[in-house]
Amino acid sequence: MQICADMIVHSFIRDGFGLQKIEIELSIVPGLPQMKFLGMPDGLIKESEARIKTAIRNQGFEIPASKQVLIQLRPNDIKKHSRGLDLAVAAAFLWETEQLPKPERPKPALYGELNFNGEVIAPLDFCDVETLKSQETIITGKSETDLGFDYLSVNELRTLSVPTIHTKQDVTLQIVEPSVENLFLSKAQARLAMIIAAGEHSALFAGPPGTGKSTMAEYISKILCPNYEDLKMSAQIARYFGEKLEWIPTRRPHHKSTLLSMIGAGRPPEPGEVTRAHGGVLIMDEFLEFDSKLQEALREPIETGKIMISRAGAAREFPAKFLLLATTNLCKCGQLIPSTKNQCQCRTVRKRQYVERLSGPILDRFQIISFSHEYSQEHDVSLTDIRHRVKRAREFAQENRKQHAPNSRISSLSVEKDISPSLQKVFKLKMSSQRRLKSVLQVARTIADLSESREIRAGHLNEALALSLRSATRIQVDLQRYI
Ligand SMILES: [Zn+2]
């Protein structure tokens, strides 16, 4: 076996949901028979030594007895996490030791997982990113789906010299609307679901257990109009977690979830639930039971559609544009209902805790607040009809205002011009907070769209005021009476 000059190949490490290209320099020097990774590899990379060596031997190649294999990862100064360095290291080793002929093209990029038999598998996170488009030669392993770019594939290390050519196919995102046949809501619930879904207005469903709060949140997630630009990113995020996107993402974290699991954490930063919900719905059942810091942390993604994670000097921004739907009891026992005979068994201190947690800042997260004890049990409006109305409202906004974003993401100013000036003066007087004013305006725009009306009329504003301002006041004022 002849040892020759150092071998340089390229591979990729994780960088958010994409990949960053790195250089791998492999050198074989006298020393203990081991592989040593330099340049801030993480634990997963370090433990790949046994797997790579076993794969190389099982493919019929040799590993020199008294030589050390040094693997330098560049750039040196960033912590590296990768699922696909196995193939790059094994190939560089086989080329360096001339057990396989060196590639004709210089410095190819290799990214693949190895099993003990030496078979090569394309990692799940290997997908279409800018870095890959500019790369001349990419070699990976077997993949069940099209990767979105041209590449060479090898089934096992032995066939590195005779890879198969794969040409990019035109892949369109394929998602399927969930079936809503046989799903029905009462008239009032249907109206509410229609408004929330058409405008993508964040909503809090409050009331005793068993009154249909969770059902509302679940049904709304089935009838939203997907935004295909956002869903491209959602698909990439799903792939990162080893999942396939079939419909808009719906995340339903448990109320005991930690702050870090919700917003993301780690070094390098890993995305959390708010990012996994990007392009879809974040359902938070028992909202008041979630940690208050976590509720506070939702402010940033709700306002900007993004989340910045800063940990130990490493900062990263992840997408986090989602519709927040939450449910809650109004007290611990769940039987506290505004404006009705009080059945609540909770002690005063407990009631006060709940009511205080429902004070201004938290309620402000929700554009619509609804009381589930008022829902009728007569379910006679089909979800198919509601979905149709939602689509029609969105088409109306597109046709008349060239507006593609849902109403919850447009500015108040652009809505105000659709209201007659005299009406504006009257209703602005009622507003105590700018945020609530914005919610009422946006919800009123959605209600007008559902009636296919360019102008926002008094009736639209009144319905929006009831759903947004009056219900928020009801929680704050009425509940105070019980403590
Ligand atoms: Zn109670």
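Ser 372 sits in the loop between strand 20 (368-371) and strand 21 (381-382). Strands are DSSP runs (E, at least two residues) and helices likewise (H or I, at least four), numbered from the N terminus. The model is predicted: local features need pLDDT of at least 70, side-chain atom pairs count only at pLDDT 80 or more, and totals for chains, interfaces and linings use all residues. Residues are numbered from 1 along each chain as its sequence is written, and side-chain values use heavy atoms, with hydrogens and water left out.

Ser 372 is in contact (heavy atoms within 4.5 Å) with Ala 206, Gly 207, Pro 208, Thr 211 and Lys 213, leaving aside neighbours within four places in sequence.

Accessibility is classed as buried under 20% relative accessible area, exposed over 50%, and partly exposed in between (1.4 Å probe, protein chains only).

| Residue | Relative accessibility | Class |
|---|---|---|
| Ser 372 | 1% | buried |
| Cys 331 | 0% | buried |
| Cys 333 | 28% | partly exposed |

Next, the zinc ion. Its protein donors (N, O and S atoms within 2.8 Å of the metal, or 3.2 Å for Na, K and Ca) are Cys 331 (SG), Cys 333 (SG), Cys 344 (SG) and Cys 346 (SG), at 2.2 to 2.4 Å. Along the chain, the donors follow the spacing C-x1-C-x10-C-x1-C. The donor angles are 105 to 117 degrees, so the arrangement is tetrahedral; that class requires four donors with all angles between 85 and 135 degrees.

Finally, a helix pair. The axes of helix 2 (residues 48-58) and helix 3 (residues 85-96) come within 10 Å and cross at roughly 50 degrees. Among the residues making the contact are Arg 51 and Ile 52 of helix 2 and Val 89 and Phe 93 of helix 3.

How values were computed:
Tetrahedral: all angles 85-135°; square planar, octahedral: opposite > 155°, others 65-115°. Axes fitted to C-alpha atoms, helices over the stretch in contact; angles between N-to-C directions.
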